[in-house]
Amino acid sequence: MQAADIDSDFPSMVIVDDVEMVLCRSDDGFFALGNICSHAYARLSDGHTEGNQIFCPLHQGSFDIRTGEAIASPCYEPVASYPTKVEDGVVFVCPAARAAATP
Ligand code: FES
């Protein structure tokens, strides 16, 4: 996905090798997480981001976009985190190298 198309407030859903992810942008870079909230079934890509936090649209729990760690209740379990890199203005995600457990 083009880096310029990734909004810093409203993340984007992408599917890479059949893995559904949410792509986020902050001042620290581009980050990819598993798109399904670890609390219940909601797509994080339907939520919003503030700095390095992404907020779930259903109950407003939040996660750290850099790691997938849960930050705010009712989320306690992490979501998967995927390495990203930017080349020539394009954001690439590696779906195989997960940095956190998938809920
Ligand atoms: S489903 Fe995400 S906080 Fe409840």
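Over how many bridges do strand β6 and β7 pair, and in which sense? In this predicted model, strand β6, made up of residues 62-64, pairs with β7 over two bridges in the antiparallel sense. Within this pairing, F63 stands opposite A70 of β7.

**The sheet of β4 to β7**

Strands β6 and β7 belong to an open sheet of four strands, whose order is β4-β5-β6-β7 and whose pairing is antiparallel. The edges of this sheet are taken by β4 (48-50) and β7 (70-72), and because each has a single partner strand, one side of each is left without a neighbour in the sheet. From one strand to the next, the twist averages 35°.

The loop between β4 and β5 (53-55) is where N52 is placed. With a relative accessibility of 18%, N52 counts as buried, since the cut-off for that class is under 20% relative accessible area. When neighbours within four places in sequence are left aside, the residues in contact with N52 are S26, D28, F31, F63, D64, I65 and R66. Among these contacts is F63, the residue that stands opposite A70 in β7.

**The sheet of β1, β2, β3 and β8**

A further open sheet of four strands has the order β1-β2-β3-β8, again with antiparallel pairing. Here β1 (12-16) and β8 (81-82) stand at the edges, and as each has a single partner strand, one side of each lacks a neighbour in the sheet.

Strands β1 and β2 run antiparallel and are joined by five bridges, while six bridges join β2 (residues 19-26) to β3 (residues 29-34), a pair that also runs antiparallel. In the hairpin of β1 and β2, two residues lie between the strands, and D17 takes a positive phi near 50° there.

Strand β1 includes S12, whose bridge partner in β2 is L23. The relative accessibility of S12 is 13%, so S12 counts as buried. Not counting residues up to four places away in sequence, S12 touches M1, D5, M21, V22, L23 and S45, a list that includes its bridge partner L23.

**Cysteines**

Zero disulfides are found in the structure. For C24, which is in no disulfide, the nearest cysteine sulfur is that of C56, at 12 Å. The sulfur of C94 has its closest cysteine sulfur in C24, at 17 Å, which is too far for a bond. As for solvent accessibility, C24 is buried with a relative accessible area of 0%, whereas C94 counts as partly exposed at 32% relative accessibility.

The residues discussed above whose accessibility was computed are gathered here.

| Residue | Relative accessibility | Class |
|---|---|---|
| S12 | 13% | buried |
| C24 | 0% | buried |
| N52 | 18% | buried |
| C94 | 32% | partly exposed |

**Annotated span**

An unreviewed UniProt entry carries the annotation "domain: Rieske", which covers residues 1-93. In the model, the end C-alpha atoms of residues 1-93 lie 9 Å apart, and this span is 0% helix and 44% strand.

Methods
Residues are numbered from 1 along each chain as its sequence is written. This is a predicted model: local features need pLDDT of at least 70, side-chain atom pairs count only at pLDDT 80 or more; totals for chains, interfaces and linings use all residues. Side-chain values use heavy atoms; hydrogens and water are left out. Two strands pair if DSSP finds at least two bridges between them. Buried means under 20% relative accessible area, exposed over 50%, partly exposed in between (1.4 Å probe, protein chains only). Contact means heavy atoms within 4.5 Å. UniProt positions are given in the numbering used here, feature names are shortened, and annotations may be inferred rather than shown by experiment. A disulfide is a pair of cysteine sulfur atoms within 2.5 Å. Axes are lines fitted to C-alpha atoms, for helices over the stretch in contact, and angles run from 0 to 180 degrees between N-to-C directions.
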